[in-house]
Amino acid sequence: MGKNNTNILTQSTVLAMVLIAPIMVKEVTSLTICKIDINDMQKCRPAVTGINPPPPVNECCLVVRSANLECFCRFKFYLPILGIDPSKVAALVANCGVTTIPPSCRV
C-alpha cells in the first residue's frame, strides 16, 4: 500500500511539473497593474531613485497621468523595498502636472 501511494504521488508531481513548466518558461511580456504596463513603469524609475533624481521625461508623465493612482497607492508601502522613495513619487506626480492626489497617496 505504501509503494502505491508513493507511485501516485510521484506521478502527480511529474504531471504538475509538466503542466506548470510552460507557464514558468514563458517570459512575461506584459503585465498591467493599476492601468500601468510594468514595462512602462521603467520610464519613471530614474525620476524616483537616487539622491538627486532627474526630472521625469515626457514618456514617464504620460504613464503617470494614465495611472489609476487610487489603486497604485495601495502598494506605496512596498516602494522602499524596490529602492523607491515615496516622497520622490509624490514629487514625480506633481512634476507631471497631476493635481488631484487621492488621500491614500499622501506621504
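A salt bridge here is a side-chain nitrogen of Lys or Arg within 4 Å of a carboxyl oxygen of Asp or Glu. With that rule in hand, I found that the side chains of Lys43 and Asp40 meet in one, at 3.3 Å from N to O. The count comes to one salt bridge.

**Ground rules.** I am working with a predicted model, where local features need pLDDT of at least 70, side-chain atom pairs count only at pLDDT 80 or more, and totals for chains, interfaces and linings use all residues. Residues are numbered from 1 along each chain as its sequence is written, and side-chain values use heavy atoms, with hydrogens and water left out.

**Entry: exposure of the pair.** Lys43 counts as partly exposed at 39%, and Asp40 is partly exposed at 28%.

**Entry: the layout.** I counted six helices and two strands, taking both as DSSP runs numbered from the N terminus: helices are H or I with at least four residues, strands E with at least two. Read from the N terminus, the order is α-β-β-α-α-α-α-α. Buried residues make up 23% of the 107 residues. I took contact to mean heavy atoms within 4.5 Å. Of the contacts between residues at least 6 apart in sequence, 65% join residues at least 24 apart.

Entry: Most residues other than glycine have a negative phi. What is the phi of Cys34, which is not a glycine? I read a positive value of about 55 degrees for Cys34, and Lys35, also not a glycine, has a positive phi of about 70 degrees. Cys34 sits in the loop between β1 (32-33) and β2 (36-37), and Lys35 is in the loop between β1 and β2 too.

**Entry: the core.** I defined a nonpolar core as a set of buried Ala, Val, Leu, Ile, Met, Phe, Trp, Tyr and Cys residues joined through side-chain atoms within 4.5 Å. The largest one has 19 residues, and Val64, Leu69, Val89, Leu92 and Val93 touch the most other members. Helices α3, α4 (58-66) and α6 (86-95) each supply at least two residues of this core, and α4 gives the most, with four.

I then followed Leu92. Setting aside residues up to four places away in sequence, Leu92 touches Cys44, Ala47, Val48, Pro56, Cys60 and Val64.

**Entry: Val48.** Val48 is in helix α3 (residues 45-48) and is buried at 5% relative accessible area. Beyond neighbours within four places in sequence, its contacts are Pro53, Gly83, Ile84, Asp85, Lys88, Val89 and Leu92. I also checked Ala90: Val48 and Ala90 are 42 residues apart in sequence and 9.1 Å apart in space, C-alpha to C-alpha.

**Entry: the surface.** The protein exposes about 7900 Å², with carbon and sulfur atoms supplying 65% of it; areas come from the Shrake-Rupley method with a 1.4 Å probe, and for residues only the protein chains shown count as cover.

Notes
Buried < 20%, exposed > 50% of the residue type's maximum accessible area, 1.4 Å probe, protein only.
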